[in-house]
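User: I have a structure here that I have not looked at before. Can you walk me through it?

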Amino acid sequence: MKPLREGYTTGVCAAAAALASVLWQTAGTCPERIAYTLPSGKPLSLAVEPQEAPICGIRKDAGDDPDQTNGCLVCAKVKIGTTDGAVTFQAGEGVGIVTKKGLRVPVGEPAINPVPRTMITEAVRSVIGTRSAIVIISVPNGEQIAERTFNGRLGIVGGISILGTTGVVRPMSEEAVRESLRLELSMCRAEYGTACALVTGYAGETYLKKRYEHAGKIVLCSNYLGYLLDCAEEFGMQTLLLAGVAGKLMKPAANIFYLHSHTAGGQREILCTHAALAGATTAQIQQLYACNTTTEMQELLAKMPFSDVVWQSIAEAALENCQKRTHGTMQIGLILLDRTGTVLAETEQVSQVGKAWCQDA
């Protein structure tokens, strides 16, 4: 099988475009290509797409990664100062502005992350030395691209973020998703305090907003429940409300914290175990085990007299393992929903946790 091809980040594009812009102004002609070395030491030769002088563009290549920004043009216009001073940044068309606390860039600043800022500054300084400069980064279709990213939830408005730490886009990497979720939880901690709700999908979010008039901050954890529980502990969160459909949120009952179906199932085994603990007969367990989906198991279980006991037992087991995962450092409440948004079970902590969560809204 052919190995997947690596690409390079929007941060690399921005740095190379800024370098091309200052070279155009200092040498008198726009360079056709820019030689650029990644932080990892890997050399690149990047084609320059000149715009209106002295704006230069570098086209993003994400390699074989299904990146939303693949193929976009990252442009830079550098205004070179006449005296010594700092290199500062402005957001042009399609580059977002940070509007909420908790990110690695202050509120009001362009959404250009610290490592790309360093890369851009070093590229500009390599030509102009200690002189001041204003770097304007733009992405012509960035606002449309941003609609398909996490930026809206992170409080970044008007366009995409300029990202990257190593400069390399690794094919099929989940690092970007995890980082976005981590940033959203960090923002929650900074703006809303120590209480938060984690939901596995929009069913959980819809339910919580309907149930709680003064709902607090909700973070969509998707399949990364374990990772976000770790982050919550790291950030010093004290109260967490967990809500989601049983097909995903029952998995922690078996110590499964990455919830993607391709990695681990376990729903059938979990439900059959707790049905047996509730007194189900061998025949009933066999019937449940023969089901293909969680919904099918739920429908069959509903016809049995211990249905509520089973779901409550699963919810308590999932909660216990979540508390173990976070080393008992926070109070957690857990709500299991079916696909219609109906509560199958909730732990006794939900009442108190829900109040604390709303108070911090």
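User: Start with Glu-205: buried or exposed?
Analyst: Glu-205 counts as buried, at 10% relative accessibility. Keep in mind that this is a predicted model.

User: What does Glu-205 form a salt bridge with?
Analyst: Its partner is Lys-209, and the closest N and O atoms are 3.2 Å apart. Lys-209 counts as exposed, at 52% relative accessibility.

User: How are Lys-209 and Glu-205 placed in helix α6?
Analyst: They are four residues apart in that helix, so about one helical turn separates them.

User: How many salt bridges does the structure hold?
Analyst: There are nine salt bridges. One of them joins Asp-230 to Arg-325, with the closest N and O atoms 2.8 Å apart. Asp-230 belongs to helix α7 and Arg-325 to helix α12, so this pair ties together parts that are 95 residues apart in sequence.

User: And how accessible are Asp-230 and Arg-325?
Analyst: Asp-230 counts as partly exposed, at 31% relative accessibility. Arg-325 is partly exposed too, with a relative accessible area of 28%.

User: What about Glu-49, which side chain does it meet in a salt bridge?
Analyst: That of Arg-59, at 2.9 Å from N to O. Glu-49 is in strand β4 (residues 49-50) and Arg-59 is in strand β5 (residues 56-59), so the link is between distant parts of the chain, 10 residues apart. Glu-49 is partly exposed, with a relative accessible area of 27%, and Arg-59 counts as partly exposed at 37%.

User: Which sheet do β4 and β5 belong to?
Analyst: An open sheet of five strands, in the order β4-β5-β6-β10-β7, with mixed pairing.

User: Which strands stand at the edges?
Analyst: β4 and β7 (87-91) do. Each has a single partner strand, so one side of each is left without a neighbour in the sheet.

User: In what sense do β6 and β10 pair?
Analyst: Strand β6 (residues 73-84) pairs with strand β10 (residues 131-138) in the antiparallel sense, over seven bridges. Cys-75, for instance, has Ser-138 in β10 as its bridge partner.

User: Switching topic. How many aromatic pairs are there?
Analyst: A search of the whole structure finds two. In one of them, Tyr-212 and Trp-357 are edge-to-face, 5.4 Å centre to centre with 85 degrees between the planes.

User: Where do Tyr-212 and Trp-357 lie?
Analyst: Tyr-212 lies in the loop between α6 (202-211) and β15 (218-220), while Trp-357 lies in helix α13 (residues 350-359), so the pair ties together parts that are 145 residues apart in sequence. Tyr-212 counts as buried, at 11% relative accessibility. Trp-357 counts as buried as well, at 1%.

User: How are the rings of Tyr-224 and Tyr-258 arranged?
Analyst: Their centres are 5.5 Å apart and their planes are at 65 degrees, so this pair is edge-to-face. It links distant parts of the chain, 34 residues apart: Tyr-224 is in the loop between β15 and α7 (225-234), and Tyr-258 is in the loop between α8 (246-249) and α9 (267-277).

User: Are these two tyrosines buried or exposed?
Analyst: Tyr-224 is buried, with a relative accessible area of 7%. Tyr-258 counts as partly exposed, at 24% relative accessibility.

User: Which ring does the charged end of Arg-178 sit over?
Analyst: The ring of Tyr-227, at 4.0 Å from its centre. Arg-268 lies over the face of Tyr-289, at 3.9 Å from the ring centre.

User: What is Trp-311 in contact with?
Analyst: Leaving aside neighbours within four places in sequence, its contacts include Ala-246, Met-250, Leu-271, Leu-301 and Leu-336. Thr-294 and Gln-298 are also among them.

Methods:
Residues are numbered from 1 along each chain as its sequence is written. This is a predicted model: local features need pLDDT of at least 70, side-chain atom pairs count only at pLDDT 80 or more; totals for chains, interfaces and linings use all residues. Side-chain values use heavy atoms; hydrogens and water are left out. Rings of Phe, Tyr and Trp (its six-membered ring) pair if their centres lie within 6.5 Å; planes under 30 degrees apart count as stacked, over 60 as edge-to-face and the rest as tilted. Helices (H or I, at least four residues) and strands (E, at least two) are DSSP runs, numbered from the N terminus. Buried means under 20% relative accessible area, exposed over 50%, partly exposed in between (1.4 Å probe, protein chains only). A charge sits over a ring if NZ of Lys or CZ of Arg is within 6 Å of the ring centre and within 35 degrees of the ring normal. Contact means heavy atoms within 4.5 Å. A salt bridge is a side-chain nitrogen of Lys or Arg within 4 Å of a carboxyl oxygen of Asp or Glu. Two strands pair if DSSP finds at least two bridges between them.
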